[in-house]
Amino acid sequence: MLINKMTDFEIAPCLAEGPLAERGLEFTNAARDLGDQPFASILRAWCVPSLFTKMEQLLDTGEDPVDGINSALRDLTRFLSGATFAGFKCIEANGNQPALVETANKDIKDLTGDHYGNLFKEFSSRSYWDEPVRLLEQRLTRNGISHSEIQNKSVLDSGCGGGRYSAAWRLLGANPVVGVDISPINIDDASRRAELASLEGISFKHGDVLDLPFDANEFDIVFSNGVLHHTTDWEKGIAELMRVLKPGGWGWLYLIENPGGVFWDVIEILRVVMKNEDKARSRAALQQINMPANRIFYMLDHVMVPINLRLSPTEIEDCLHSCGAVNVRRLTRGADIDRIEQVFQGEQYAAKRFGVGENRYLFSKS
């Protein structure tokens with residue numbers, strides 16, 4: 001189901017009940033009251049970094065974030081209501097507005113591929129090469145996975161996006177590494193970056209993570225990092241990972257958590273605000289205030305993708321076992337920036353802030 005066909009409460013259950021429900025509804029209604037002119041779209045897009053940044057500041061304090069987030073929602077409601085009162089919704093664009101053909105003429109797979117392709121291609125070299133290696137190495141090391149378990153192992157990066165983590169696996173010693181993605185934009189960009197860097201032992205292929213273009217038992221390691229929760233059939237995606245994994249090999253899976261605390265409540269409120277917005281216009285609005293590409297990606301990633309499914313650990317574990325996975329282990333550590341690391345460290349209010357933390361799993365195939 002396309003996001004603009006879903007109800008507000010389906011997108012953001014926290015608007016029906018929970019600590020942000022009242023202020024969240026006021027904010028989403030004020031955003032809708034702005035109308036559909038381009039300037040209104042820009043104001044709604046600018047609400048994303050405003051609320052996101054405030055949320056991050058509150059989460060970083062380690063205190064209970066609920067009152068602060070409600071205050072931020074109230075302030076944004078006043079801002080948008082003031083803009084409506086001042087007549088911003090009456091500002092008309094010159095000429096005809098471009099048709100929002102993304103939703104009208106494309107299916108969910110193409111919409112999702114284009115969304116991430118246009119986000120990833122703007123990444124700087126530092127965000128593309130350095131950051132993923134550091135994050136992947138921290139996550140592996142803190143969960144007891146040594147470099148020897150990676151060296152010269154074949155890796156599939158299923159749903160590789162712009163290929164950042166494909167490159168990270170290769171730079172950490174895996175060989176060969178194959179990235180597959182639904183977006184031609186991503187595949188072209190990843191191939192170009194690898195070629196410019198003269199990085200051998202890595203390749204990229206256009207394909208669907210729900211119907212992988214590989215034979216059974218082909219890879220030593222399969223890696224799916226924040227992908228299947230954006231597809232129409234996450235369980236089939238896991239079955240495909242198991243199919244192409246060699247017996248004795250192991251896999252890595254990350255899926256969005258439920259419960260996810262106020263962190264995900266805020267994202268889902270913003271999904272309601274942005275559900276009918278044109279993605280290119282929203283990216284441009286954030287570029288106008290000189291936001292770096294990786295920061296734009298971090299905020300618009302989940303806010304504007306058509307499907308953003310959240311799952312409980314039990315749901316994921318049941319699916320892995322039903323697909324034949326063995327030695328299933330939910331990872332309890334993460335990189336410094338990860339929510340699960342803060343849960344692990346036992347920080348005060350961690351559960352209220354982040355729920356159970358990221359669902360990252362290791363599994364193997366007998």
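Buried means under 20% relative accessible area, exposed means over 50%, and partly exposed lies in between, with a 1.4 Å probe and protein chains only. Helices (H or I, at least four residues) and strands (E, at least two) are DSSP runs, numbered from the N terminus.

This is a predicted model: local features need pLDDT of at least 70, side-chain atom pairs count only at pLDDT 80 or more, and totals for chains, interfaces and linings use all residues. Residues are numbered from 1 along each chain as its sequence is written, and side-chain values use heavy atoms, with hydrogens and water left out.

Helix α12 spans residues 279-287. Its buried residues are K279, R281, S282, R283, A285 and L286. At the start of α12, D278 places a side-chain oxygen within 3.4 Å of the backbone nitrogen of A280. That is a polar contact in the sense used here: a pair of N or O atoms within 3.5 Å; within protein, one must be able to donate a hydrogen and the other to accept it, and residues adjacent in sequence count only if both atoms are side-chain atoms.

Helix α13 covers residues 293-304 and holds H302. H302 has a relative accessible area of 12%, so it is buried.

**Salt bridges**

A salt bridge is a side-chain nitrogen of Lys or Arg within 4 Å of a carboxyl oxygen of Asp or Glu. The whole structure has 23 salt bridges. Three of them are tabulated here.

| Pair | N to O distance |
|---|---|
| E277 and R44 | 2.5 Å |
| R295 and E56 | 2.5 Å |
| K352 and D64 | 2.8 Å |

Which parts does each pair tie together?

The side chains of E277 and R44 meet in a salt bridge. E277 sits in the loop between α11 and α12 and R44 in helix α3 (residues 38-60), so this pair ties together parts 233 residues apart in sequence. E277 is buried because its relative accessibility is 10%. R44 is buried too, at 6% relative accessibility.

R295 and E56 also meet through their side chains. R295 belongs to helix α13 and E56 to helix α3, so the pair ties together parts 239 residues apart in sequence. R295 has a relative accessible area of 22%, so it counts as partly exposed.

K352 forms its salt bridge with D64. K352 lies in helix α16 (residues 350-354) and D64 in the loop between α3 and α4, so the pair ties together parts 288 residues apart in sequence. K352 is partly exposed at 38% relative accessibility. D64 is partly exposed at 31%.

Salt bridges also link R139, E257, D338, R339, E358 and R360 in a network.

**Backbone geometry**

Most residues other than glycine have a negative phi, and most peptide bonds are trans. Some sites in this model depart from that pattern.

N175 and P176 are joined by a cis peptide bond, with omega about 0°. P176 is in the loop between α8 (164-171) and β2 (177-181). Another cis peptide bond joins N258 and P259, with omega about 5°. P259 is in the loop between β5 (245-255) and α11 (261-274).

N217 is not a glycine, yet its phi is positive, at about 60°. N217 lies in the loop between β3 (202-206) and β4. At 38% relative accessibility, N217 is partly exposed. N327 is not a glycine either, and its phi is positive at about 55°. N327 is in strand β6 (residues 325-330). Its relative accessibility is 63%, so N327 counts as exposed.

**Surface patches**

Patches are made of residues with over 30% relative accessible area and no salt bridge; like charges are joined within 9 Å, and nonpolar side chains (Val, Leu, Ile, Met, Phe, Trp, Tyr) within 5 Å. Accessible areas come from the Shrake-Rupley method with a 1.4 Å probe; for residues, only the protein chains shown count as cover.

The nonpolar patch consists of F39, F88 and I91, with about 220 Å² of accessible area together. I91 is in the loop between α4 (66-85) and α5 (101-105). I91 is partly exposed, at 39% relative accessibility.

D233, E235, E315 and D318 form a negative patch. Lys and Arg count as positive and Asp and Glu as negative; His and the chain ends are not counted. The place of a charge is NZ of Lys, CZ of Arg, CG of Asp or CD of Glu. D233 is in the loop between β4 (219-225) and α10 (234-244).
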